[in-house]
Amino acid sequence: METDSDTITQDSASEAAAARWIDCLARISADRDLVAYKALFDHFAPLIKSFAYKIPSLQESETFGEDLVQETMLKVWTRASTFDPGLSSPGTWIFTIARNMRIDLLRKQARHSVNTVSLYQDDDDSSELDMEDIWFEDETSDVFNLLLQERTRKQVNESLLTLPPEQADILRRVYLEDKSHSEVAAELHLPLGTVKSRVRLALNKLKLVVDR
Amino acid sequence: MVKYHPDVRYLTDYSAGSLPQSQALCVATHLHYCNSCKARVRELNELGTVLFTRQQPVAVESAAFDNLLSRIHSDADHKPEQPASVPSRDSARQSTQSTLPRAIAKLCKDNLDSLNWQSIGKQFRFAQLKLGDRQRETSLLHIKAGGAVPRHRHRGDEITVVLQGSFSDQEDKYNIGDFIVRTHGEIHRPVASQDEDCLCLSTLDAPIQMSNWLLRLLMPFFNKQPGQRSASFG
């Protein structure tokens, strides 16, 4: 149904689907409804796995994708009651959990590999912060926000396909492949300023960032 | 009124999750004081969501859902949280919002005095924060009212966010919430305003083998590698 990643028809379908995912999360929260959970899983798990393998260095890893699916979907189960449809869409909520869990898994892996080299005595000095202390969900719930978010999503969906390929490519690298601007610049052998301006042009085109 | 904001590069990398933890902490701290950047991040998160949902799905292993169910059934920790049992963001917020951003409050356990402060002279002290980011050093800096930070040259890029009070350098005056980036090689000498102590969060790109802010601060004067001595973390 929604297997083609580049069709516009997906937009309206996903708008309609949002209502369904909101209902699923409410049923998990109220009744621990496994049917609702399975429906969410079937839709989002393959996207989460895809998101995991966008990181080039992990494409050889056999477990990373499944691990990210497990950890993210487990959080969806335990946190379902904290989902607030007045705060974000289900898609945004699950995306931010997947993003945070990916950061978390990557960090654990990095720590593990540092440990094996044993460069440091204080290797277990992991941060005292959880990902969610830094990448927190927005805490203010109001209808105005939600309307803005919906409008933004629509705008982005509509104008994403009109971006010049090099701008769309950079957005994908930044958002999906876990690369900072500096890393993208190094990879494409471009000056940091060029990457910054391409991102800025893309965001302007998506009407996301209006220069102050 | 916040005047200096992170540029789009920082906000985008923050929203995408690729910003190093220490720099992300600086952005999150700025967001605590700045609603307009918060709104921008919210928009950028929507962009991330659109890109996420447009991906080509990748089939998961057939046993994946059953594995998940057995974890859910076997472990009491994986029960759905009830709204009441979720550590209330509201209560956490009430105790800290008026003073410190959430992550900073957590790092110092709501008590700045609990940090391991090291003084340089009588006007300036700093406390290193423990983050899982080895490429950078992150500290809280405290300058007494009217006091100055020792003049120093930046060896890496530094981000500073003002948490309390204000400070000035040769270019401008910076107030609560301001997000200031200084790049490699710049020399500056921040001075706190006369009427109030100044508290800042600072993160500095650092060579991995050196772990002491003070040593690096003084480096330009000694211009040689310190021994292998590594400074203690609180």
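In the predicted model, chain A contains nine helices and zero strands, and its elements, followed from the N terminus on, accordingly read α-α-α-α-α-α-α-α-α. Of the 212 residues in chain A, 50% count as buried. The accessible surface of this chain comes to about 9900 Å², and carbon and sulfur atoms contribute 54% of that area. When the contacts of chain A with a separation of 6 or more are considered, 63% of them are accounted for by residues 24 or more positions apart.

Strand β5(B) is joined by four bridges to strand β8 of chain B, formed by residues 179-182, and the two run antiparallel. Within this pairing, Thr160(B) has Ile180(B) of β8(B) as its bridge partner.

Strand β5(B) is also joined to strand β11 of chain B, which spans residues 198-205; here six bridges connect the two strands, and the arrangement is again antiparallel. In this second pairing, the bridge partner of Gln164(B) is Leu199(B), a residue of β11(B).

Terms used: Residues are numbered from 1 along each chain as its sequence is written. Chains are lettered from A and ligands numbered from 1 in the order in which they are written. This is a predicted model: local features need pLDDT of at least 70, side-chain atom pairs count only at pLDDT 80 or more; totals for chains, interfaces and linings use all residues. Side-chain values use heavy atoms; hydrogens and water are left out. Two strands pair if DSSP finds at least two bridges between them. Buried means under 20% relative accessible area, exposed over 50%, partly exposed in between (1.4 Å probe, protein chains only). Contact means heavy atoms within 4.5 Å. Accessible areas come from the Shrake-Rupley method with a 1.4 Å probe; for residues, only the protein chains shown count as cover.
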